[in-house]
Amino acid sequence: MTLQELDFSREISKNDLLEALKNEANQVHINDFMKTCSFLKKSMEHVHPHYQEEYIKMYTEGYLKGYRDVKNDKRPYRGYLNSEELAEAVKLLESQEELMKKEFGDDRSFKPYLVLSLYTTFILEEPVHPVGTPFPGGLKVRKDEGIYYCPVKDNNEDNPLAVCGFCLAQQEPDM
């Protein structure tokens, strides 16, 4: 089963989504990672040099580790997902993929991003950016008493390339 084969009109278990994500991950090749990492490096040109190396390393390692985690995850998960929220997330990611193709052609593979975004959010119930992800100004994603906080979530509400709309982190309250 793949993401396209999921029936969003019925309840979808976490295990069903995990199976679909594993099948999607099996379609990812080393060239996809190379394209994604190359694109990531290009997209970091506007980031302050102090953060560039840290971001690139963090995201590259995150993609590779996340890919391995998805493929090797054998845990049974309990419960069902909100099918409507999942469908909206998949729709958003598909529209982002189309935007990226229009802008950059096939220079970027979107599949690792899609798989990991859905896996962390809907299976692991963690934010897309891991705890400790740094942002300019020394701000970081953090967890406090079981709640994840992001310092830039509200700033990206209207960003068509952000996954903040379905990320479960809340806006850092003092920002």
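## The D144–R142 pair

D144 is partly exposed at 35% relative accessible area (between the cut-offs for buried, under 20%, and exposed, over 50%, with a 1.4 Å probe and protein chains only). Its salt-bridge partner is R142, with the closest N and O atoms 3.7 Å apart; a salt bridge here is a side-chain nitrogen of Lys or Arg within 4 Å of a carboxyl oxygen of Asp or Glu. R142 is partly exposed too, at 30% relative accessibility.

## About the model

This is a predicted model, where local features need pLDDT of at least 70 and side-chain atom pairs count only at pLDDT 80 or more, while totals for chains, interfaces and linings use all residues. Residues are numbered from 1 along each chain as its sequence is written, and side-chain values use heavy atoms, leaving out hydrogens and water.

## Helix 3

Let's turn to helix 3. It covers residues 49–72 and spans 35 Å from its first C-alpha to its last, close to the expected 34 Å (1.5 Å times one less than its number of residues). Helices are DSSP runs of H or I with at least four residues, strands are E runs of at least two, and both are numbered from the N terminus.

Its buried residues include Y51, Y55 and G66. Within helix 3, D69 and K65 sit 4 residues apart, about one helical turn, and form a salt bridge with closest N and O atoms 2.6 Å apart.

K111 forms a salt bridge with E24. This pair ties helix 5 to helix 1, 87 residues apart. E24 is buried at 2%, whereas K111 is partly exposed at 25%.
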